[in-house]
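Please keep the sequence to hand while going through it.

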Amino acid sequence: MWSPDEIASLCYNHFNKLPKRGKPESGREWTLLAAVIQITDCPEQKTVQKQVVSLGTGTKCIGRSAMSMKGDVLNDSHAEVIARRGSVRYLTEQLLKAVRGQSSDVFCAGSEKGKWRLKAGVSFLFFTSQTPCGDASIFPMSGSEAQPCEPVKETTQNDESEPRGLKRPADQETRQKTKHPKIKTSDKQPSCRSSGDTEDKAEAENTSCSERSEAEPLDLHRTGAKSVPDGPKDLLQPGLLYHHTGLLRVKPGRGEPTLSLSCSDKLARWCILGFQGALLMHYLQEALYFSAVLVGKSPYSHPALRRALHTRCSHVKDLPSGFSFHDPELLQSSLEFPHNHTHTESKHTHSQGRISPCGAAISWCAVSQQPLDVTANGYKQGVTKKALGTPQARSLICKVELFHSFLKVVAATEDAELPETLRGKDWKTYWDYKQAAGSYQLAWTQLRLQAFPQWPRGPRQLLLFQ
C-alpha cells in the first residue's frame, strides 16, 4: 500500500514546494521536519490516496517566563509538535464541514447523537525526519560514531550554557568525541521505573551491542531533554551509565527551563489519548490514533523507539469507551532530510560562520484559508514588539486560535445535535471546555496513574483565556 521511503519522499517533496520563508539558509542553518499523512483506501476505485495534511519544521521551545496567559504563544516549536497542532487545525475544519452538512474527507456520522467518527478507509501516519527527542533517542552507539548531543547539564535558570539546538548541537565545533573508560558490553543501566517504565536495559536497545568486543569503548546516543523536576535524575556517568532510560523528560531552553515534555513522551501520550486533543473529543465517538510512526534516515533504534512509545504505557487499562492503547507500526526510511544537521554541515563554508538551528518554525496544513504559518519565538515571524499580544501576532496553531476554531464548530451545530457534554452548558474558558470533555479527562487520569505519575501539571492560570 505504501513504503517508508514513499512516505518520506512525499513529505520532503511537499516541503520543497513551500515558499522560502522560514526555511533554513543553505550551509548555515538546519532544521527538522515532521508531518501527518492521511491515507484514504478506496477499494471501489482500487486506489490508495496518500496526502500530507499537516507539515511542521522547528527545533525550539520558549522558557517558562515567556509563556502567555492569553494562549497566544507557541510554547513548543519542535517539528513533531508543530505537525500535530497543524493536524488538529485540519481536523477542526473537516469537522466543521461535517457539522454543516458539507462533504468531509475525514468524518461521517457516528452511532451516538452528536458524535462523528472516521470514514471507512481513512487512517493517519506520523512521519519525523529524525528520532524524537527524549527516551527514544537514548540507545548505544558504535565506537565509530560521533556523539550527536552535548552532555546534559543540571543548569540553573540563569545558565546560558544550554546549546541552542534542542535536539542536536548548534555546530560541529562543540561536538567533540568524549573519551570514556572501557565498559563491558554486559553492563546494564540501573533500573528506574518510577515513571511507569518496564524496560531499562541498555543492551536491549541494539542487538549488535552484544557482538562488540569487550575492549571497545561504548557510549550512548544522548538526548538534550532532562528528566522531569520531580523524577529520577540521570547518573551522568561515562558510557552506558550516562542516562536512565524510560524517564519522562522536559525539553531544554536556552538557560531557562521549559515546561514542554519531550517528543517521545508526547507521542507516547497520543498512543493512549489520541492526537486530536481534548476539545475535538466532545464530537468524536473514538479517539484518533496514528497507525504508524515513521522516522527518516538518522541515528535510530527500533527497540528504543518501541520502549518509548509501547513499553512505557501499553499496560494502561480501565480506559473509557473510545480509548485504548494503540500500538503504531514503527518503521524507518532510508531517505535523509536534505536540511538536517548532517547535510548542512556538508555544504558549510568557513565564511558562513557557525552552523546553527533555524530560528523559524513552519506550519502548513490542508485548510481552505491561510494554510501556511511561519513563527519565531512563539509568535508570527517578523512581528514587531509593538504588535506582541495582538491577534496579528498569533500563530494560527496557538491554543487560543485552535480554541476559537473549535467554538465555530459549536456555533455551527444545531442545539438538538450538540454532543451531550455541550448540550445546555455555558462554558466560557478554554479550561472549561477541556475539563468538560469527560471521557478524555478520565483517560488522561488513567494514563497518569498507571504510567506517568510524574507528568508535570502546567499552571491552570495559563488556560483560563476565552
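**Notes on the fold and the pocket**

1. A376 stands opposite Y379 in β18, where helices (H or I, at least four residues) and strands (E, at least two) are DSSP runs numbered from the N terminus. Strand β17 (residues 372–376) is joined to β18 by 2 bridges, and the two run antiparallel; strands count as paired if DSSP finds at least two bridges between them.

2. Please bear in mind that this is a predicted model, in which local features need pLDDT of at least 70 and side-chain atom pairs count only at pLDDT 80 or more, whereas totals for chains, interfaces and linings use all residues. Residues are numbered from 1 along each chain as its sequence is written, and side-chain values use heavy atoms, with hydrogens and water left out.

3. The open sheet has 8 strands in the order β14-β13-β8-β2-β3-β16-β17-β18, with mixed pairing. Its edge strands, each pairing on one side only, are β14 (329–332) and β18 (379–380).

4. Helix α1 (residues 4–17) packs on this sheet, touching β2 (33–42), β3 (47–57), β8 (122–128), β13 (290–295), β14 and β16 (360–365), contact meaning heavy atoms within 4.5 Å. The direction of α1 makes about 50° with that of β3, while α2 lies across β2, β3, β8 and β16 and runs at about 120° to β3. Axes here are lines fitted to C-alpha atoms, for helices over the stretch in contact, and angles run from 0 to 180 degrees between N-to-C directions.

5. Helix α5 (residues 302–311) is largely enclosed by the rest of the structure, because 7 of its 10 residues are buried, that is, under 20% relative accessible area with a 1.4 Å probe and protein chains only. The buried residues are A304, L305, R307, A308, L309, H310 and T311, and they pack against β9 (139–141), α3, β13 and β14.

6. The largest pocket holds about 1300 Å³ of space; a pocket is an open set of points on a 1 Å grid over the protein atoms alone, where a 1.4 Å probe fits, with protein on both sides within 12 Å along at least five of seven lines, and lining residues have an atom within 4 Å of a point. Of its 48 lining residues, R269, K399, Y430, K434 and L463 are the closest to the centre. Helix α9 gives the most to the lining, with 6 residues.

7. Across the chain of 466 residues, 56% count as buried, and the chain has 9 helices and 18 strands.

Note on methods: Points joined across faces, edges and corners; volume = space filled by probe spheres on them. Buried < 20%, exposed > 50% of the residue type's maximum accessible area, 1.4 Å probe, protein only.
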